[in-house]
Amino acid sequence: MNTLEWKQEDGISWIALSRPELRNAVNYEMMDELDEILHKIEATDDKIVVMTGSGNRAFCSGGDLSLFHSLYTEAEAYGMLSKMGQILKRIFLFPKPTVALLNGAAVGGGCELITACDFRIARRNTKFGFVQGSLEITTGWGGGTMLFERLKPHDAMTYLMTSQLFAAEKGFEDGFIHQLINDDENLEDGLRQFLNPYLKQSANVLSAYKKIWLNKFDLATFEENVEKEIRNCSKLWEKEEHHAAVRRFLNK
Ligand SMILES: C[C@@H](C(=O)O)C(=O)SCCNC(=O)CCNC(=O)[C@H](O)C(C)(C)COP(=O)(O)OP(=O)(O)OC[C@H]1O[C@@H](n2cnc3c(N)ncnc32)[C@H](O)[C@@H]1OP(=O)(O)O
């Protein structure tokens with residue numbers, strides 16, 4: 001694997017997004033490798049999946065703008081967005097519980113990725129934000145649809161409509177982040193402490209409860225809503241306002 005690290009330990013499957021020089025931005029190779037690893041993990045006896053980022057700066061900075069900047073038309077954007085949208089849906093609907101461990105900032109699509117996970121655990125000083133609005137687009141991997149399943153509508157709208165970066169503490173107050181880990185604490189140790197009561201249960205029990213949550217969804221409606229989100233974002237993507245905003249980010 002070139003863009004991910006995978007380890008299995010004590011019933012936990014750890015996936016680390018590993019492009020730290022670009023703050024773990026997602027490129028096509030990472031999408032393919034995520035898809036591959038999720039298939040592998042599904043076939044294991046591991047109880048819980050933890051997703052984190054390499055380095056201490058970022059969990060994930062979203063789509064790789066230096067690469068996706070070359071996508072110009074609505075159709076080109078749709079190809080990329082729907083490819084990653086499929087992966088986010090797989091994570092959201094994954095048969096085992098999933099945890100996002102924020103070792104650093106989760107921004108743009110990175111914030112969508114943590115939203116697809118069942119639990120979010122963060123180092124105290126980290127930030128997260130759906131900054132897509134400041135790039136003149138919206139969430140485009142399905143994370144907006146998923147956020148409304150995680151939060152009260154008012155809080156979800158505030159996160160999405162203001163494009164702000166928020167402190168992990170704010171996420172904790174809103175119930176978006178489920179556990180904060182102090183700066184002087186080892187991140188993995190903090191996570192293990194959080195997961196211990198869950199890991200005492202069997203994989204079958206954990207998967208069965210995950211299934212009860214997923215049974216709540218009318219899958220066809222959920223998929224349709226994600227699709228509409230991806231299509232809307234694709235339309236905004238091809239506008240000059242978006243391309244100009246990305247140029248400003250890349251030339252800063
Ligand atoms: C697809 C879409 C969607 O939601 O559907 C999206 O995701 S839109 C993508 C939304 N993402 C963003 O707008 C990117 C935001 N990135 C940031 O705000 C920041 O990089 C942080 C993640 C907070 C990290 O800040 P920090 O000060 O640690 O690093 P930095 O900004 O100096 O970045 C280090 C290097 O990584 C690059 N870099 C950072 N994020 C990148 C990205 N998403 N794509 C491509 N390159 C990126 C920077 O240009 C820089 O390159 P050099 O070392 O060469 O100077």
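**Chatting through the model**

Biologist: Where is Glu29 found?
Modeller: Glu29 is in helix 1. Bear in mind that this is a predicted model.

Biologist: Is Glu29 buried, exposed or partly exposed?
Modeller: Glu29 is partly exposed, because its relative accessible area is 34% and the in-between class runs from 20% to 50%.

Biologist: How far apart are the C-alpha atoms of Glu29 and Thr3?
Modeller: They're separated by 7.0 Å, though Glu29 and Thr3 are 26 residues apart along the chain.

Biologist: And Asp32, where's that found?
Modeller: Asp32 is in helix 1 too, which covers residues 28–42. Its relative accessible area is 43%, so Asp32 goes down as partly exposed. Asp32 and Lys83 are 51 residues apart along the chain, with 9.1 Å between their C-alpha atoms.

Biologist: Let's switch to the ligand. How many residues surround it?
Modeller: There are 23 residues around the ligand, and the closest are Arg23, Arg57, Gly109, Glu112 and Gln132.

Biologist: How do the shell residues divide into nonpolar, polar and charged?
Modeller: Nine of the shell residues are nonpolar, eight are polar and six are charged.

Biologist: Which helices each supply at least two residues of that shell?
Modeller: Helix 2 (65–68) and helix 4 (109–116) each do that.

Biologist: Which side chain has an N or O atom 2.7 Å from an oxygen of the ligand?
Modeller: That's Gln132. An N or O atom in the Arg23 side chain is 2.8 Å from an oxygen atom of the ligand. At Leu65 the backbone is involved: one of its polar atoms is 2.8 Å from a nitrogen of the ligand.

Biologist: How much of the ligand's accessible area does the protein cover?
Modeller: The protein covers 73% of the 1,000 Å² that the ligand has on its own.

Biologist: And what about the space the ligand takes, what is that?
Modeller: That space is the largest pocket.

Biologist: OK, Arg19 next. Where does Arg19 lie?
Modeller: Arg19 is in the loop that runs between strand 2 (12–17) and helix 1. With a relative accessible area of 12%, Arg19 is buried, because the class takes in anything under 20%.

Biologist: What does the side chain of Arg19 make a polar contact with?
Modeller: With the side chain of Asp64, at 3.0 Å.

Biologist: Which loop does Thr139 lie in?
Modeller: Thr139 is in the loop between strand 8 (127–129) and helix 5 (143–150). At 8% relative accessibility, Thr139 is classed as buried. Its side chain has a polar contact of 2.7 Å with the side chain of Glu229.

Biologist: What about the place of Glu136?
Modeller: Glu136 belongs to the loop between strand 8 and helix 5. Glu136 is partly exposed at 42% relative accessible area.

Biologist: What's the phi of Glu136?
Modeller: Positive, about 65°, although Glu136 is not a glycine.

Biologist: Then what about the phi of Ser163?
Modeller: Ser163 isn't a glycine and has a positive phi as well, near 55°. Ser163 is in the loop between helix 6 (153–162) and strand 9 (166–167).

Biologist: Does Ser163 count as buried or exposed?
Modeller: Buried, because its relative accessibility is 16% and the cut-off is 20%.

Biologist: Last topic, Gly53. Which strand does Gly53 lie in?
Modeller: Gly53 is in strand 3, residues 48–53. At 8% relative accessibility, Gly53 is buried.

Biologist: How far apart in space are Gly53 and Leu160?
Modeller: Their C-alpha atoms are 23 Å apart, and in sequence Gly53 and Leu160 are 107 residues apart. For Gly53 and Ala220, it's 32 Å from C-alpha to C-alpha and 167 residues in sequence.

Biologist: And the place of Ala220?
Modeller: Ala220 is in helix 10, residues 219–237. Ala220 is exposed, because its relative accessibility is 52% and the exposed class is over 50%.

Conventions. Residues are numbered from 1 along each chain as its sequence is written. This is a predicted model: local features need pLDDT of at least 70, side-chain atom pairs count only at pLDDT 80 or more; totals for chains, interfaces and linings use all residues. Side-chain values use heavy atoms; hydrogens and water are left out. A residue is near a molecule or strand if one of its heavy atoms lies within 4 Å of it. A polar contact is a pair of N or O atoms within 3.5 Å; within protein, one must be able to donate a hydrogen and the other to accept it, and residues adjacent in sequence count only if both atoms are side-chain atoms. Accessible areas come from the Shrake-Rupley method with a 1.4 Å probe; for residues, only the protein chains shown count as cover. On a 1 Å grid over the protein atoms alone, a cavity is a set of points where a 1.4 Å probe fits but cannot get out, and a pocket is an open set with protein on both sides within 12 Å along at least five of seven lines; lining residues have an atom within 4 Å of a point. A molecule sits in a cavity or pocket if more than half of its atoms lie within 2 Å of its grid points. Helices (H or I, at least four residues) and strands (E, at least two) are DSSP runs, numbered from the N terminus. Ala, Val, Leu, Ile, Met, Phe, Trp, Tyr, Cys and Pro count as nonpolar, Asp, Glu, Lys and Arg as charged, and the others, Gly among them, as polar. Buried means under 20% relative accessible area, exposed over 50%, partly exposed in between (1.4 Å probe, protein chains only).
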